[in-house]
Amino acid sequence: MSWLCFANLIDSDGLKNMNTQEHMRQEQERPQNDTCAKRVPDFIGIGAEKAGTTWLWDQLSKHPDIAMPYPKELRYFAYRDYAPNMDLAATSYLLKNKPEPGRAPVALLSAINELRCRFGTIEDYLNIFGELPQKKVVGEISPQYASLSIKSIQQIYGLRNKMIIIYIIRDPVERAISGAKMKLSEQNEELSEDSIIKSATGKLQTMLSDYKHVIDNYRVFFERENFKIFAFDDLKESPSKILRELCSSFKIEYKEDYFKRSQEKVFPGAKFQLSDQALRQIYQHHSKVYDDLMEEFPALTAQWRSRYV
């Protein structure tokens, strides 16, 4: 029996009777046959971490012609590439917490899909998209994919060579600081200037801010027209421009009514103001990233760099 068939058998507390109108509509649109057709995603968002990927997932999932799975980050390729022991966040949440009323179906589906991606095959991964409501476009966003090896990127390319890859880049220092705050908060460590500097200049945040390396790796396979790079600055200032361009790339209609909350932040992030000296110290560590970006993004890189020099 497929997971879709399992979902269809769940009782009144399950997936078929979700308390929100949106999920009731989605359930009506799901394929009802007993065999799940594999479907290749039309797009994949690869990050960068702390550069608006949750906002992007939230916006795209509201478009009537786009279907996206739970959880937000499937991480299928990351599990097999460099992070086999990555936390199973959705499964852990379901085991340790009683979901809020109306959230149980989403929590259950998130855990099921997470386990399929961690322990299943590529067919199981593709079945997740086949089980989604039958929309024109399906896709996922996993920031961990920015760190994939060439071999894994080639595997994604092999699924669909015209797949749209979405990459949002943010001022490397800002991104590293935001990432450091998130990691420290997850580890229940106190936020201080010293702890943030240490984390923001550590191996993980240095790797995640190396945009040129990510871009070069993906461009080995994906043509420029299919590898969409956006600036986090534009996401904040003119989100409709990004959403309009993506809808055009997906060959679906853009309407402002589809994205009524595009100006809202999903997660505001931890508040802690660093001194100018600390910012300059972090910048010095990441300065080569700015050098590497100057050729392709001169105006944007110069704008970022002017904040520290």
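In which helix do K288 and D292 both lie, and how many residues apart are they? Both are in helix α15, 4 residues apart, about one turn of the helix.

The model is predicted: local features need pLDDT of at least 70, side-chain atom pairs count only at pLDDT 80 or more, and totals for chains, interfaces and linings use all residues. Residues are numbered from 1 along each chain as its sequence is written, and side-chain values use heavy atoms, with hydrogens and water left out.

**View 1. Salt bridge between K288 and D292 in helix α15.** The closest N and O atoms of K288 and D292 are 3.0 Å apart (a salt bridge is a side-chain nitrogen of Lys or Arg within 4 Å of a carboxyl oxygen of Asp or Glu). K288 is exposed at 53% relative accessibility, whereas D292 is partly exposed at 26% (buried means under 20% relative accessible area, exposed over 50%, partly exposed in between, with a 1.4 Å probe and protein chains only). Helices (H or I, at least four residues) and strands (E, at least two) are DSSP runs, numbered from the N terminus.

View 2. K212 is partly exposed at 28% relative accessibility, and D216 is partly exposed at 36%. R219 forms a salt bridge with E296, the closest N and O atoms being 2.6 Å apart. E296 has a relative accessibility of 32% and counts as partly exposed; R219, at 22%, is partly exposed.

**View 3. Aromatic pairs Y254–F259 and Y290–Y308.** The whole structure holds 18 aromatic pairs (rings of Phe, Tyr and Trp, the last by its six-membered ring, pair if their centres lie within 6.5 Å; planes under 30 degrees apart count as stacked, over 60 as edge-to-face and the rest as tilted). The ring centres of Y254 and F259 are 5.7 Å apart and the planes lie at 20°, so this pair is stacked. Y254 and F259 are both buried. For Y290 and Y308 the centres are 6.5 Å apart and the planes at 70°, so the pair is edge-to-face. Y290 is in helix α15 (residues 276-293) and Y308 in the segment after α16 (298-305), so the pair ties together parts that are 18 residues apart in sequence. Y290 is buried at 0% relative accessibility, and Y308 is buried at 9%.

**View 4. Aromatic cluster.** Y157, Y167, Y211, Y218, F221, F222 and F227 are linked into a cluster by ring pairs.

**View 5. Packing of helices α6 and α7.** Helix α6 (residues 104-119) packs against helix α7 (residues 122-130) at an angle of about 150°, with the axes 7 Å apart (axes are lines fitted to C-alpha atoms, for helices over the stretch in contact, and angles run from 0 to 180 degrees between N-to-C directions). That makes α6 roughly antiparallel to α7 (angles under 35 degrees count as roughly parallel, over 145 as roughly antiparallel, 65 to 115 as roughly perpendicular and the rest as oblique).
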